[in-house]
Amino acid sequence: MGSTGTVLRELRGAQKSAKGVSLYSRYVNRPAGRVLAAGAHRAGLTPNQVTLVSALFTYTALAAVALVEPSWTLALLVHAALAIGFAFDSADGQLARLTGRGGPDGEWLDHVVDCGKLLLVHTAVLISFFRFGELPSQGWLLLPLGFQLAAVVTFCAGLLREQLGKAAATAPAATAPVSRVRAIALLPADYGVFCLVFLLLGAPGAFRAGYAVLAVVHTLFLAAFLTKWFRELRALRPG
């Protein structure tokens, strides 16, 4: 097992393409995940174990959102746990590519954890709104449900686009250059940027406003993604 510096250099060469990745994931989450992957490698952890560590941080933070009255202390702790969980979510794939120990089981486990995360994060907000929110109206309880719908449909539709696209493709797709404009435009849809809203938990009104803005933005992104992916898949029709 090489030194941490050697492992980090090897990990830099084992990165996925930056195409379609926001600036946050490219310059914050992936580098953080690289450090965590190096540490996990030194500790002898498997990629699947790293995925479970990611789930532990993320799900613990979401349980706290649902069960603990909002405060600035809770805001800092929840955001820190979500950010660490997201970095470990990047680390598992990096570790798998470094060690060659990835496989269908690891990819399946990673997607199951991600799907659970998307369901639970908005369920936790809904519970927090109901228990502690002092909402202007009960209609606010519908907001997390709508946000959850947008997030889960985007996640599932993206996975289906990827799998169906691979199945229908008859030739390797041309590699397009990485667009910095696209990387900036994707920032509002990045999970890491979304997690920043939890820093506002200590101010319930500000949190509701920020969460509502992100819900609208994610819904607009969903409409754009669905249109794009449908056209791409239709173009793959034979004949």
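A cavity here is a set of points, on a 1 Å grid over the protein atoms alone, where a 1.4 Å probe fits but cannot get out. Grid points are joined across faces, edges and corners, and a volume is the space filled by probe spheres set on the points. With that rule, the structure has one cavity of 30 Å³ or more.

Before the details, the ground rules. This is a predicted model, in which local features need pLDDT of at least 70 and side-chain atom pairs count only at pLDDT 80 or more, while totals for chains, interfaces and linings use all residues. Residues are numbered from 1 along each chain as its sequence is written, and side-chain values use heavy atoms, with hydrogens and water left out.

Back to the cavity. The largest cavity holds about 90 Å³ of space. Lining residues, meaning those with an atom within 4 Å of a point, include Phe129, Phe207 and Arg208. Helices are DSSP runs (H or I, at least four residues), numbered from the N terminus. Two of them, α5 (104-132) and α9 (204-235), each supply at least two residues of this lining. By class, the lining has six nonpolar, two polar and one charged residues. Nonpolar covers Ala, Val, Leu, Ile, Met, Phe, Trp, Tyr, Cys and Pro; charged covers Asp, Glu, Lys and Arg; the others, Gly among them, are polar.

Next, the rings. Rings of Phe, Tyr and Trp (its six-membered ring) pair if their centres lie within 6.5 Å; planes under 30 degrees apart are stacked, over 60 edge-to-face, and the rest tilted. There are 14 aromatic pairs in the structure. Phe129 and Phe207 have ring centres 6.2 Å apart and planes at 75°, so this pair is edge-to-face. Phe129 is in helix α5 and Phe207 in helix α9, 78 residues apart, so the pair links distant parts of the chain. Both residues are buried, that is, under 20% relative accessible area with a 1.4 Å probe and protein chains only.

Phe207 also pairs with Tyr211: the centres are 5.8 Å apart and the planes at 25°, so that pair is stacked. What separates Phe207 and Tyr211 in helix α9? About one helical turn, because they are four residues apart. Ring pairs join both of these residues and Phe129 into a cluster that also includes Tyr24 and Phe86.

Last, a charge. The charged end of Arg208 sits over the ring of Trp140, 5.6 Å from its centre. The test is NZ of Lys or CZ of Arg within 6 Å of the ring centre and within 35 degrees of the ring normal.

Definitions and conventions: On a 1 Å grid over the protein atoms alone, a cavity is a set of points where a 1.4 Å probe fits but cannot get out, and a pocket is an open set with protein on both sides within 12 Å along at least five of seven lines; lining residues have an atom within 4 Å of a point. Buried means under 20% relative accessible area, exposed over 50%, partly exposed in between (1.4 Å probe, protein chains only).
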